[in-house]
Every structure is written in structure tokens, then in C-alpha cells.
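Q: Got a structure here that I'd like to talk through. Can you take my questions as they come?

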Amino acid sequence: VSKNKISGSGNGIKATGTSYLNISNNEISKNSKSGIVLADTTSTYIVNNKINSNSHSGIEMAKSTKTYIHGNTISSNAKNGIILSDNAGGKSYSSGPQNVYITKNTISNNLNTGILVSDAGNNINIKSNTISSNQDNGIALSKIGSNTIQSNVITGNWANGIKFYDE
């Protein structure tokens with residue numbers, strides 16, 4: 001899925017039960033739900049997209065593995081920039097995502113948290129991102145496994161830069 005302008009839909013892109021999906025160089029905005037929703041996917045690449053002004057989150061993900069989110073601009077979404085949990089697209093799954101690499105993205109001005117990781121699996125890597133001016137936390141993590149947060153620029157978020165909690 002490449003070089004599209006996707007707007008005015010429910011979710012911009014929704015993928016369930018897929019493997020080897022490449023979502024790149026798209027403009028995904030002003031959808032009534034989320035920009036991208038992934039559930040039960042393997043080996044997905046989300047690269048160099050502009051994901052903004054969606055009525056829910058920029059990217060929602062559950063029960064997915066080997067996902068690479070790289071070089072995207074994710075901004076001004078009505079909920080979170082990126083949310084990794086055991087729920088995506090309004091449906092609950094048996095597990096959250098694992099083996100996720102979130103690198104070199106610009107995540108800003110979302111109405112909740114820049115990156116929210118809750119009830120997710122192991123090996124969530126958040127590296128070399130710029131996360132700023134979100135109206136809640138830059139990064140928030142709850143009920144998680146072994147993960148890495150490294151070399152990010154986190155600035156100007158209204159609540160916390162990084163928050164760990166158990167709810």
C-alpha cells in the first residue's frame with residue numbers, strides 16, 4: 001500500500017490476519033476512526049507515512065509480531081499517536097503485540113499520549129524518535145514485558161516524558 005491519500009473513511013487502513021504488508025509513503029488523515037489498525041499480523045512495515053488528524057489514534061496494534069514503524073510523522077490525532085495493546089479497532093485479542101520496532105518517527109500534538117504500550121508482549125523497541133507536545137505523556141507503559149526505550153528526544157509533553165504505571 002503505497003503513495004495513497006486516504007481520508008474520510010472509518011479507519012484509514014485496517015489489516016487483520018495478514019503477513020508481509022508494506023504500508024509506505026501514504027498520507028492518512030481525517031478518518032472517523034484510526035489511521036492504521038493492525039491485528040494478528042506478521043512482518044508489517046509502516047514506513048514514511050504522514051498520519052494525522054484522525055478521530056481516534058494514528059496507529060493501533062494488537063496481537064501482531066515483527067512490526068516495523070519507521071520514519072513516520074504522526075500528529076494531531078484525537079487519541080494516541082501509537083497504541084500497542086490487546087485491543088485494536090474496538091475488538092479485544094488474546095495478546096498484545098511483540099517484536100515491534102518504533103524508530104525515527106516524529107510523534108507530536110496528539111490529544112493523549114505519543115506512544116502508549118499497555119498489555120503488550122516482549123521486545124517493544126522505542127528508539128531514536130522525536131516525541132513532543134502531546135497533551136498527556138510522551139511515552140506511557142503499563143503491564144509490559146521486556147522492552148527498550150533508547151535515544152529518543154522527548155520534550156514538551158503536558159504530563160510526563162515517560163510514565164510507567166500498573167492499571
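Q: Is S146 buried or exposed?
A: S146 is exposed, with a relative accessible area of 55%. Buried means under 20% relative accessible area, exposed over 50%, and partly exposed in between (1.4 Å probe, protein chains only).

Q: Before I go on, what kind of model is this?
A: This is a predicted model, where local features need pLDDT of at least 70, side-chain atom pairs count only at pLDDT 80 or more, and totals for chains, interfaces and linings use all residues. Residues are numbered from 1 along each chain as its sequence is written, and side-chain values use heavy atoms, with hydrogens and water left out.

Q: OK, back to S146. Where does S146 lie?
A: In the loop between β19 (139-142) and β20 (148-150). Strands here are DSSP runs (E, at least two residues), helices are H or I runs of at least four, and both are numbered from the N terminus.

Q: What is S146 in contact with, neighbours in sequence aside?
A: Leaving out neighbours within four places in sequence, S146 is in contact with N122, N123 and I124. Contact means heavy atoms within 4.5 Å. There's also a C-alpha separation of 9.9 Å between S146 and A120, which are 26 residues apart along the chain.

Q: Which sheet has β20 in it?
A: An open sheet of 6 strands, in the order β3-β6-β9-β14-β17-β20, with parallel pairing. β20 and β3 (19-24) stand at the edges with a single partner strand each, so one side of each has no neighbour in the sheet. Two strands pair if DSSP finds at least two bridges between them.

Q: How about the twist there?
A: The twist averages 5° from one strand to the next. For the angles, axes are lines fitted to C-alpha atoms (for helices over the stretch in contact), and values run from 0 to 180 degrees between N-to-C directions.

Q: How many bridges join β14 to β17?
A: 4 bridges, with β17 covering residues 124-127 and the two strands running parallel. I102 has I126 as its bridge partner in β17.

Q: And S43, where does that lie?
A: S43 lies in strand β6 (residues 42-47). S43 is buried, with a relative accessible area of 7%. Beyond neighbours within four places in sequence, S43 is in contact with S19, Y20, L21, T65 and K66.

Q: Which residue stands opposite I51 in β10?
A: I74 stands opposite I51. β7 (residues 50-52) and β10 (residues 73-75) run parallel and are joined by 3 bridges.

Q: What does β5 run parallel to?
A: Strand β2 (residues 13-16) is joined to β5 by 4 parallel bridges, with A15 having L38 as bridge partner. Strand β8 (residues 59-62) is also joined to β5 by 4 bridges and runs parallel; there, I36 has I59 as its partner.

Q: Which residues have the most contacts inside the largest nonpolar core?
A: I36, I82, L84 and I115, in a core of 27 residues. A nonpolar core is a set of buried Ala, Val, Leu, Ile, Met, Phe, Trp, Tyr and Cys residues joined through side-chain atoms within 4.5 Å. A second, separate core of 5 residues includes V37, A39, A88 and Y93.

Q: What is I82 in contact with?
A: Setting aside neighbours within four places in sequence, I82 is in contact with I59, I69, I74, I102, I107, G114, I115 and L116.

Q: Last one: how many helices and strands are there?
A: 0 helices and 22 strands in the protein. Of the 167 residues, 47% count as buried.
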